[in-house]
Amino acid sequence: MSKTKLMAVETKRRPLLLSRRFAPLYILFEAGTFNDNALKNALIALITYVALINPAFEFLPGLPEAIKVPVASLIFTGPFLIFCAIAGQIADKIDRGIIFRWIKRAEVLIMLLAGLGFLLQNITILAITLAMMGTQSAFFAPTKNAVMPQWLDSDELIRGNALLSGTQFAILLLGTIIGTLLATTQPMILAALLFGLAIIGWLAAEACPPAAAPNPNLKVDYNPVTAIWNVVKKIFEHPEVLRPWLGIAWFYGLSTIFLTAFPNFIARVMGYDATVFMLIMASSTIAIFIGSILTMIVGNWKIWGPEAIRLVTLGIVGVTISALLIYLLPIPVFDGEIGKGTYQDFLSHPNTPAFLGAVAASSIFNGMFVVPLQAMAQRRAHPRIRAQLMSAGSVLYNTAVNVLTFGLIGMAALAMPPKAPFLMIVIGSACVSAYALYRTFHLTRQTKAYIKDK
């Protein structure tokens, strides 16, 4: 019996968070999630607020202010998209435990560089570190998705993904708040925190068990263009993996619509200040966490059918109905004569409970929708090319995010109604719901046989 299989047998009865098969991965993933988001939002805060009073943080002088924040976000997502396909090949060629260790060692050095950027008040150094974190994340994402079926049993995948995703959303909110606040008040404390979490992630990576490479003789294509083309072509040759990834892409797409549309909608249409945006985002994040944990508890119930397909359907139908309610319900508009309303004004408005309830319901159903899809994609991918298929999935959802972002820009340019983005969510989710319902009621013999074989 191999060392990996023996370790799996020995820890079979342990809770995932106490098992070496999962606990180190959980720790290094969440620590990295915080660092990614905190550093990105710290950079955005510096170029948005601090640059107004401190010229050292002037970013891309000469460009309109409305363009600088999207460019800062692109500094992170651009390298991710460029290197993700290459990373997927490497994760099929090299032991994935080793990859985790090298990724986290690199993160320690990147956070040291970020600390230097904060110390010298050099926005260029901070932008470079953000690009390096995007590159590091490109190598992490397909490796993480490929290794989970290797370390976890099939019936543990939903629980594992629920734990990772549920905590991730909470960590994203925490990273946003702490990164924004400390960057503008105590940047060196933020630098120390980022470095400390990088060390914790590195130590967790060193504790990861082996994960033998399924295709050690693979010849890696280091050309980003041809690498992306080849992995995308490969996932289209495996429709059983493509289908869940398209659903995941829509999840990230509709999340982007919410995050991009809500700040302006709350400020200009509803008439409230940033405290209300933070309140709504906090409520949404907690709700997604609840949805993910619910999925962890009930995801393996037999009533959901093979691979919890019916749970996926329930999730996306719930998203559609909740988004429709957000679109149709009267919104809580601040009717004060001076300034913008605060969170106290928002909470006291009679329309707030229904509005906030619809937002929270949408997020809960979102968590129930995406977690089984992640497990489905991991489970269905052939072990020999699993990391490459996972990297193709990352390319798909990054593309969806960028396309929908440009769609929102187009809506703004055409001066469409303020609620138009939410109608976009309703229409898109309704289309996904229709297909999910079709799959639920037309589980073919071929589908059931495939799942049984896996």
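Biologist: How many aromatic pairs does the structure hold, and what makes Phe80 and Tyr397 a tilted one?

Modeller: The structure, a predicted model, holds 17 aromatic pairs. Rings of Phe, Tyr and Trp (its six-membered ring) pair if their centres lie within 6.5 Å, and planes under 30 degrees apart are stacked, over 60 edge-to-face, the rest tilted. Phe80 and Tyr397 stand 6.5 Å centre to centre with 40 degrees between the planes, so the pair is tilted. Local features need pLDDT of at least 70 and side-chain atom pairs 80 or more, whereas totals for chains, interfaces and linings use all residues. Residues are numbered from 1 along each chain, and side-chain values use heavy atoms, without hydrogens and water.

Biologist: Why does this pair tie together parts that are 317 residues apart in sequence?

Modeller: Because Phe80 lies in helix H3 (residues 65–93) and Tyr397 in helix H14 (residues 386–413); helices are DSSP runs of H or I with at least four residues, numbered from the N terminus.

Biologist: At what angle do the axes of H9 and H10 cross, and which residues make the contact?

Modeller: The axes of H9 (residues 239–270) and H10 (residues 274–298) come within 9 Å and cross at roughly 145 degrees, on a scale of 0 to 180 degrees between N-to-C directions of lines fitted to C-alpha atoms. Contact (heavy atoms within 4.5 Å) involves Leu259, Phe262, Pro263 and Ile266 of H9 and Val276, Phe277, Ile280 and Met281 of H10.

Biologist: How do you know how the residues of this contact divide?

Modeller: Ala, Val, Leu, Ile, Met, Phe, Trp, Tyr, Cys and Pro count as nonpolar, Asp, Glu, Lys and Arg as charged, and the others, Gly among them, as polar. The contact of H9 with H10 therefore divides into eight nonpolar, no polar and no charged residues.

Biologist: Where in the chain does Phe334 lie, and what does Phe334 touch?

Modeller: Phe334 lies in the loop between helix H11 (309–328) and helix H12 (343–348). Leaving aside residues up to four places away in sequence, Phe334 touches Met270, Gly271, Tyr272, Gly339, Lys340, Gly341 and Asp345. The C-alpha atoms of Phe334 and Met270 are separated by 6.0 Å, at 64 residues apart along the chain.

Methods:
Helices (H or I, at least four residues) and strands (E, at least two) are DSSP runs, numbered from the N terminus.
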